Amino acid sequence: MLLQALPPLANVPIEIPLLLIDARRFAPFLSSRTESSTVKPSLIRHWIDAKPHGTESGRRFQSVNPEDGTVVAEALRGGADDVDKAVDAAHRAAEPMAQTTPSERETILLQAAALLQRDADEFCDLLIREIGSPIGKAKMEIEIATRLLKANAGITRRLTGRTYPSDIQGRWSLGFRRPIGVVAGITPFNVPLIKGVKQASTSLATGNTFVWLPSEHTPAIADRTARLFHEAGVPPGAMNVVFGDGSEIGDHLVSDARVAAVTFTGSERVGRHVQSICGAEGKRVTLELGGKNPLVVLSDADLPTAIQAAIRGGFIYQGQICMASSRIIVARSVYQAFLDGFVAAASGLSLGPLREPTTMIGPLIDSQTCDRIRERLRQAVERGAKICCGGQWSGNRLHPTVIIDVDEDMLLLREEIFGPVVTVEGANDVDHAINLAASAPGILSAAVHTASLATAMEFAQRLPTAMLHINDSTLQQEPEVPFGGDGASGFGREGMETALDDFTRWQWVTMRGV
Ligand code: NAD
């Protein structure tokens with residue numbers, strides 16, 4: 001690999017460990033260290049109607065620790081029959097669930113939040129072992145999932161209706177929000193707890209029932225999450241999980257006529273496929289997909305802040321985050337100073353043990369991902385790109401990689417990379433920066449660093465992004481905001497307000513005296 005001589009860090013003070021997720025912030029939340037479980041995992045069965053479902057003789061698959069290839073869990077590999085049973089249970093439970101009171105649903109979700117805090121060490125251990133999360137990322141997931149549960153408990157009290165004026169004398173015209181019934185949720189490998197909890201708790205808060213198809217990489221995390229909801233008091237049949245290969249059973253779940261809505265998080269390729277089935281069958285769908293997320297640094301930016309934001313956005317969980325800022329665009333007047341500081345900071349990121357709070361870069365999820373990224377790097381270098389730091393591998397870990405001299409012909413610049421690889425480009429002026437950023441097929445989240453709020457708001461107006469963060473990282477999440485993207489990055493929004501519309505149906509009722 002071509003490793004350029006690094007210029008000295010140009011007056012850019014930066015504290016590398018502190019710019020990580022800072023696991024210490026969550027210290028009260030978890031004990032300081034979680035140890036790997038040595039207990040042999042038992043077979044994970046589907047979770048249907050509040051109990052494990054399926055027999056020992058069923059087909060199986062394994063989830064594997066991406067760090068060392070050891071088996072973390074063995075789960076039943078579901079077929080169409082298992083999907084049918086899960087949807088049967090959810091369908092049977094839909095009516096009683098719709099009758100639950102706000103207080104009942106609120107209590108369940110708050111209890112789930114309390115249980116997640118109680119069992120945080122166990123979840124942390126699973127997130128480390130099953131998907132190679134450094135501990136800081138694992139703790140971040142647990143904290144965000146807890147907040148989502150608490151926030152969604154609040155939705156239960158906001159299912160308000162409306163009254164309408166009527167042209168008919170003596171008529172009352174009323175609008176009610178009703179639950180839609182069975183929601184199917186499909187989640188990716190990278191944030192299984194956040195996404196599983198978000199989809200399930202939004203469905204349950206709005207009085208619906210839920211069938212979950214988690215990523216084939218995360219059966220242990222999903223099984224543990226289902227049991228947590230069960231212990232919190234979710235009624236039988238309201239929360240179900242089917243394990244297996246999404247490409248085998250996903251269509252069967254999505255196309256079941258009793259499934260009223262699908263909430264999908266994953267790649268654009270699979271998301272579009274799911275959307276096409278939902279479109280053909282006239283059912284609701286929300287897609288949360290990936291993005292080529294730009295972080296723009298203008299000439300009046302505060303460079304240490306911009307560098308910290310770029311490091312956080314580019315490298316947390318080794319870049320396997322939908323909002324990862326894999327593309328940095330910098331005004332030419334500060335380009336070299338930014339690059340010097342960014343490369344120095346990236347080179348100093350720790351690839352230490354996953355349970356060390358300072359570790360930023362862990363293993364990529366599987367060997368296909370490693371091969372795909374190797375190929376993108378090879379192609380970019382062949383076409384003239386320069387690797388400023390990184391590019392070398394330690395097992396499944398790619399050292400934080402910063403690349404310059406890239407162009408639009410390189411897949412590296414056109415595709416979501418989903419690894420610790422960040423490109424840096426120079427921009428002549430604000431227009432050029434906006435044009436470069438906008439050339440990506442899909443932006444989920446963008447960031448702009450500037451002292452001028454007027455310029456920042458110009459970005460908000462002109463950049464085709466659904467989420468923009470000013471003087472911050474592209475990586476942000478709060479329960480109440482309209483979260484999501486458009487085009488290649490998604491369809492619809494997650495969040496408390498938007499969930500009310502997505503997970504309920506309006507019913508118009510009129511009433512006249514007799
Ligand atoms: P993926 O698309 O490969 O898989 C996602 C899920 O789809 C898995 O559960 C899989 O089993 C299932 N699936 C596969 N084929 C299916 C089918 N025919 N029908 C129904 N389901 C099917 O994605 P991944 O590699 O697990 O996750 C990474 C992707 O997720 C990235 O693109 C990332 O940007 C995106 N992501 C987006 C967000 C967001 O909020 N926007 C969050 C996390 C991840």
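Student: Before we start, which residues count as nonpolar, which as charged and which as polar?

Tutor: Ala, Val, Leu, Ile, Met, Phe, Trp, Tyr, Cys and Pro count as nonpolar, while Asp, Glu, Lys and Arg count as charged. The others, Gly among them, count as polar. Please keep in mind that the model before us is predicted.

Student: OK, how does the lining of the largest cavity divide, then?

Tutor: Its residues comprise five nonpolar, six polar and four charged ones.

Student: How much space lies in that largest cavity?

Tutor: The largest cavity holds about 110 Å³ of space. It is lined by 15 residues, and those closest to its centre are Lys198, Thr202, Glu494, Gly495 and Phe503.

Student: And which element gives the most to the lining?

Tutor: That is α15, with four residues. At least two residues of the lining come from each of α4 (135–155), α5 (192–205) and α15 (496–503).

Student: How many cavities of 30 Å³ or more does the structure hold?

Tutor: There are five of them.

Student: Switching to pockets: what is the volume of the largest one?

Tutor: The largest pocket has a volume of about 1400 Å³. Its lining consists of 49 residues, and Gly266, Ser267, Glu268, Arg269 and Val270 lie nearest its centre. Two or more lining residues come from each of α7 (246–255), β10 (259–265), α8 (268–281) and α11.

Student: New topic: where is Phe123?

Tutor: Phe123 belongs to helix α3, which covers residues 120–131.

Student: Is Phe123 buried or exposed?

Tutor: Phe123 has a relative accessible area of 1%, so it is buried, the cut-off being under 20%.

Student: Which residues does Phe123 touch, leaving out those up to four places away in sequence?

Tutor: Phe123 touches Leu116, Ile142, Leu193, Ile221, Arg224, Thr225 and Leu228. Phe123 and Arg224 are 101 residues apart in sequence, yet their C-alpha atoms are 7.9 Å apart in space.

Student: Last one: where does Arg355 sit, and what does its side chain make a polar contact with?

Tutor: Arg355 is in the loop between α10 (332–347) and α11 (367–382). Its side chain makes a polar contact of 2.9 Å with the side chain of Asp125. Arg355 is also buried, as its relative accessible area is 12%.

How values were computed:
Residues numbered from 1 in each chain as written. Predicted model: local features only at pLDDT ≥ 70, side-chain atom pairs only at ≥ 80, totals over all residues. Heavy atoms only, no water. Buried < 20%, exposed > 50% of the residue type's maximum accessible area, 1.4 Å probe, protein only. Polar contact = N/O pair within 3.5 Å; in protein donor to acceptor, adjacent residues only side chain to side chain. Contact = heavy atoms within 4.5 Å. 1 Å grid on protein atoms, 1.4 Å probe; cavity = no way out; pocket = protein on both sides within 12 Å on 5 of 7 lines; lining within 4 Å. Points joined across faces, edges and corners; volume = space filled by probe spheres on them.
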